[in-house]
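These are my notebook entries on a single structure. I set down what I looked up, topic by topic.

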Amino acid sequence: SYHRVTDALGERIIHLGREAFMALGCRDVARLDFRCDTAGNPHFLEANPLPGLHQTHSDLPIIAGLVGVSYDDLLGMILDAGRRRL
């Protein structure tokens, strides 16, 4: 299940996520999974560099929607990342 986190924890996860994304050589999009321990420290679990994009059944669009990113905007962001890379 998905849980909203504090701004401070969210910033820490974003930082760790960017580091993992770059270290793993991901391009354009990936879903990165984290889990917090009992002390609230985030730990990287895995990266899915080809996440599902089904509008109602896939994790990435669901998570994007929870933070206010529409499905169309999410797809646009992915396409823009690819265009910038190429």
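**Entry 1: a nonpolar surface patch**

I began with Leu66, which is partly exposed, with a relative accessible area of 45%. I note that the model is a predicted one. Leu66 has its place in helix H2. I then looked up the surface around this residue and found that Leu66 belongs to a nonpolar patch of about 410 Å², made together with Tyr2, Ile62, Ile63 and Val67.

**Entry 2: the nonpolar core**

Which residues make up the largest nonpolar core? I listed 5 residues: Val29, Leu60, Ala64, Leu74 and Ile78. Helix H2, residues 59-66, and helix H3, residues 71-85, each contribute at least two residues to this core. I next looked up Leu74 and set aside its neighbours within four places in sequence; the contacts of Leu74 are then Leu60, Pro61, Ala64 and Val69.

I turned to Ser58, which sits in the loop between strand E2, residues 42-48, and H2. Is Ser58 buried or exposed? I recorded a relative accessible area of 11% for Ser58, and this residue is therefore buried, the cut-off being under 20%. Not counting residues up to four places away in sequence, Ser58 touches Gly52 and Leu53.

**Entry 3: the hairpin**

I looked up how the strands pair. Strand E1, residues 31-36, and E2 run in the antiparallel sense and are paired over 6 bridges. I noted two bridge partners in E2: Phe44 for Phe34, and Glu46 for Asp33. E1 and E2 form a hairpin with 5 residues between them. In the turn, Gly40 has a positive phi of about 90°.

Thr38 is found in the loop between E1 and E2. I recorded a relative accessible area of 91% for Thr38, which is thus exposed. I also checked Thr38 against Ala20: these residues are 18 residues apart along the chain, and their C-alpha atoms are separated by 22 Å.

**Entry 4: salt bridges**

How many salt bridges does the structure hold? I found 4 salt bridges, and I looked up several of them.

I took Arg83 and Asp80 to begin with. Their salt bridge has its closest N and O atoms 2.6 Å apart. Arg83 and Asp80 are 3 residues apart in helix H3, and so about one helical turn separates them. Arg83 counts as exposed at 58% relative accessibility, whereas Asp80 counts as partly exposed at 34%. Elsewhere, salt bridges that share partners join Arg31, Asp33 and Asp59 into one network.

I then went through that network. The side chains of Arg31 and Asp33 meet in a salt bridge at 2.9 Å, N to O. Arg31 is buried, with a relative accessible area of 12%, and Asp33 is buried too, at 19%. Arg31 also meets Asp59 in a salt bridge, at 3.6 Å, N to O. Why does this pair tie together parts that are 28 residues apart in sequence? The reason I noted is that Arg31 lies in strand E1, while Asp59 lies in helix H2. Asp59 counts as partly exposed, at 30% relative accessibility.

Methods. Residues are numbered from 1 along each chain as its sequence is written. This is a predicted model: local features need pLDDT of at least 70, side-chain atom pairs count only at pLDDT 80 or more; totals for chains, interfaces and linings use all residues. Side-chain values use heavy atoms; hydrogens and water are left out. A nonpolar core is a set of buried Ala, Val, Leu, Ile, Met, Phe, Trp, Tyr and Cys residues joined through side-chain atoms within 4.5 Å. Buried means under 20% relative accessible area, exposed over 50%, partly exposed in between (1.4 Å probe, protein chains only). Helices (H or I, at least four residues) and strands (E, at least two) are DSSP runs, numbered from the N terminus. Contact means heavy atoms within 4.5 Å. Patches are made of residues with over 30% relative accessible area and no salt bridge: like charges are joined within 9 Å, nonpolar side chains (Val, Leu, Ile, Met, Phe, Trp, Tyr) within 5 Å. Accessible areas come from the Shrake-Rupley method with a 1.4 Å probe; for residues, only the protein chains shown count as cover. Two strands pair if DSSP finds at least two bridges between them.
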